[in-house]
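Let's take a walk through this protein together, from its strands to its metal site and on to its core. Please have the model open as you read.

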Amino acid sequence: MFIVWGKKLVYRKLGHVADFCPICRKPRAFVLRRIGSAGHLYYVTVSQGELVGYERTCAQCGTAFNAEPTHYATVAPKPLPLPELARQTFPDLEQAWKDRLDLERQLRRDPHALHADDRKALIRSPFLLLSPKVEKRFASTHFDKEVGIAALVALGLMMAGPALVRKVAPDSADLAVLVCMALGVVLVIVQIALAGGRFMRREVLPVLAKCLRPLQPTPGELQAVMAELKTLRHKMATKLTLPELVAQIAGPRGDR
Ligand SMILES: [Zn+2]
């Protein structure tokens, strides 16, 4: 018998906190989770595992960041409106993030009036913050809705195809089984290969573009960051294309 065992990450929800989201560029509500590494048997774990760290996930943009639970006064067990959540869990949020909030106000007034170093750092930051999400996604094979549909279509094809051929051309029934199986496998493989692009277009590009939009970055500025990421071997650099990003930042109607 084939026994599947090993270690896997276990995420346990601790509650809700308020904090600053550098992707949304605003204070937001977050879900705080403990990350543990636990032994699994057939992917089933019984413990919360050894502590690896904590993460906070923005309720608005869905981006996860490393977290330090001791920064919070308390952790709220239930979601609350942001002002109330901030009052309970991070009462000095405005003070703790003062420099960044001032920079964001300056950015909203005029993104081109920022100091060159600040501007460069602000353009680079969302790429680096979203990179772990991309690395995690491409570290293993994932199945999305389209792959599931392709698998169902393949199954239907393998069942109905040969039955149909048997009726109209009984001599070719064996060949039909092979052809339908091959078509089914190709269909699923193609959809698995396309799933990565769909993930980037649905879950990374819109979030990245929304974060970059207020900065009004030029294609040259974006190109410089992408070239740097490529040198550092971030998967994001090869999974994103500059024209796609530029178009997404411009928005569907070219509005900013
Ligand atoms: Zn956010």
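Two strands are said to pair if DSSP finds at least two bridges between them. Helices (H or I, at least four residues) and strands (E, at least two) are DSSP runs, numbered from the N terminus. This is a predicted model, in which local features need pLDDT of at least 70 and side-chain atom pairs count only at pLDDT 80 or more, while totals for chains, interfaces and linings use all residues. Residues are numbered from 1 along each chain as its sequence is written, and side-chain values use heavy atoms, with hydrogens and water left out.

**Strands**

| β2 (residues 26-41) and β3 (residues 50-58) | antiparallel | eight | I35 with G53 |

**The zinc site**

Which residues coordinate the zinc ion? They are C21, C24, C58 and C61, each through SG, at 2.3 to 2.4 Å. Donors here are N, O and S atoms within 2.8 Å of the metal (3.2 Å for Na, K and Ca); water is not among the atoms, so sites may look incomplete. The angles among the four donor atoms are 105 to 114°, and the site is tetrahedral, a label that asks for all angles of four donors to lie between 85 and 135 degrees. Along the sequence, the donor residues follow the spacing C-x2-C-x33-C-x2-C. Both C58 and C61 are buried, that is, under 20% relative accessible area with a 1.4 Å probe and protein chains only.

**Domains and core**

The domain assignment gives domain 1 (5-109) and domain 2 (145-250); such bounds come from an automatic or database assignment. Their C-alpha centres lie 31 Å apart. Six residues from domain 1 and four residues from domain 2 take part in the contact, where contact means heavy atoms within 4.5 Å.

A nonpolar core is a set of buried Ala, Val, Leu, Ile, Met, Phe, Trp, Tyr and Cys residues joined through side-chain atoms within 4.5 Å. In the largest one, with 46 residues, F127, L212, M236 and L245 touch the most other members. Helix α6 (residues 173-212) supplies the largest share, nine residues, and each of domain 1 and domain 2 gives at least three. Beyond its neighbours within four places in sequence, L212 contacts I123, P126, F127, P217, L222, L245 and I249.

Technical notes
Buried means under 20% relative accessible area, exposed over 50%, partly exposed in between (1.4 Å probe, protein chains only). Four donors count as tetrahedral if all angles lie between 85 and 135 degrees; four count as square planar and six as octahedral if opposite donors are over 155 degrees apart and all others between 65 and 115; anything else is irregular.
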